[in-house]
Amino acid sequence: MTGIVLFGYGQMGHQIESFIDARDDMELYQVYDFGQLIKENTETKFDRYVVVDFSHFKMHNMAINYALSHKCAIVCGTTGLEAEQIEHLREASSEIPVMYSTNYSYGVVILKKIVAEACRYLGEWDIELIEAHHNKKQDAPSGTAKTLLDIIGRENRVYGREGQCPRQPGEIGVHAVRGGTEAGMHTVQFWGDNELIEIRHHAQSRRIFANGAVIAAGLIPDEPGYYSFEDILDR
């Protein structure tokens, strides 16, 4: 039986809990929110423990330090992490299993593969990246958008457009939209002469991310290493 130590108990945390409750191979062990222990299961005997961190970048350090001190795996989906926090995750992977992904949707895994393939053939076309999320999202652009930017590989990034700004060769436009209860939409547009190819993933519920995180917690290896969600699904 796997004991899950959950960091973050907002909407995502509650949804993660619901998917854990539906499984017979794992249970919640502890829940931390805003740095405080708010739930603990002292009745079940666990064979292994996995930290699942879907909290806030300001709380993330507590999650990784917990995993290191208890020598257990960590599945991290917290976005908006600083560069040094991501580097800390990479360093920790020499001691414990670490999985970090900006998106735990299987559809987004496929989206990234499709975008990478499209760039092989359409690398000279004009490219625009548009992402949309709910009005309470803390960071922009989204972590998934940043991952897509890395896949596309263009360094000349224009965030929004205003005034006189004719498009330059090799640039990519990046646009973040915030409103309502949008779970997440990412669109990559490839513009050629008199034609457009548009690749889009639309998350209709944040439950897909919670489900993916729980799947990852069940599949993450026991061996130290730095894993992506794609690594686990390809095993």
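## Helix packing and nonpolar cores

Helix 2 and helix 3 are roughly parallel to each other, because their axes cross at roughly 10 degrees and angles under 35 degrees count as roughly parallel. The model is predicted.

**Two helix pairs**

Helix 2 covers residues 60-70, and helix 3 covers residues 83-92. From helix 2, the contact uses His 60, Asn 61, Ile 64, Asn 65 and Leu 68. Helix 3 answers with Gln 85, His 88, Leu 89 and Ala 92. By type, the residues of this contact are four nonpolar, five polar and no charged.

Helix 1 meets helix 6 at another angle: their axes cross at roughly 55 degrees. That makes helix 1 oblique to helix 6. The crossing is right-handed. On the helix 1 side sit Met 12, Gln 15, Ile 16, Ser 18, Phe 19 and Ile 20. On the helix 6 side sit Arg 207, Phe 209, Ala 210, Asn 211 and Val 214. This contact divides into seven nonpolar residues, three polar and one charged.

| Helix pair | Axes come within | Crossing angle |
|---|---|---|
| Helix 2 and helix 3 | 11 Å | roughly 10 degrees |
| Helix 1 and helix 6 | 8 Å | roughly 55 degrees |

**The nonpolar cores**

In soluble globular proteins, nonpolar side chains tend to be buried together. Which residues of the largest nonpolar core touch the most other members? They are Ile 4, Ile 16, Val 50, Val 52, Val 75, Met 99 and Tyr 104, out of 30 residues in that core. Several elements each supply at least two residues: strand 1 (2-7), helix 1 (11-21), strand 2 (26-33), strand 4 (48-53), strand 5 (73-76), helix 6 (207-219) and helix 7 (229-233). Helix 6 gives the largest share, six residues.

**An exposed arginine**

Arg 120 lies in helix 4, residues 106-122. Is Arg 120 buried or exposed? Arg 120 is exposed, because its relative accessible area is 60% and the cut-off for exposed is over 50%. Arg 120 and Ile 152 are 32 residues apart in sequence. In space, C-alpha to C-alpha, Arg 120 and Ile 152 are 9.4 Å apart.

Conventions
Residues numbered from 1 in each chain as written. Predicted model: local features only at pLDDT ≥ 70, side-chain atom pairs only at ≥ 80, totals over all residues. Heavy atoms only, no water. Core = buried A, V, L, I, M, F, W, Y, C linked by side-chain atoms within 4.5 Å. Buried < 20%, exposed > 50% of the residue type's maximum accessible area, 1.4 Å probe, protein only. Helix = DSSP H or I, 4+ residues; strand = E, 2+ residues; numbered from the N terminus. Axes fitted to C-alpha atoms, helices over the stretch in contact; angles between N-to-C directions. Parallel < 35°, antiparallel > 145°, perpendicular 65-115°, else oblique. Left-handed = near helix turned anticlockwise from the far one by under 90°. Contact = heavy atoms within 4.5 Å. Nonpolar A, V, L, I, M, F, W, Y, C, P; charged D, E, K, R; others polar.
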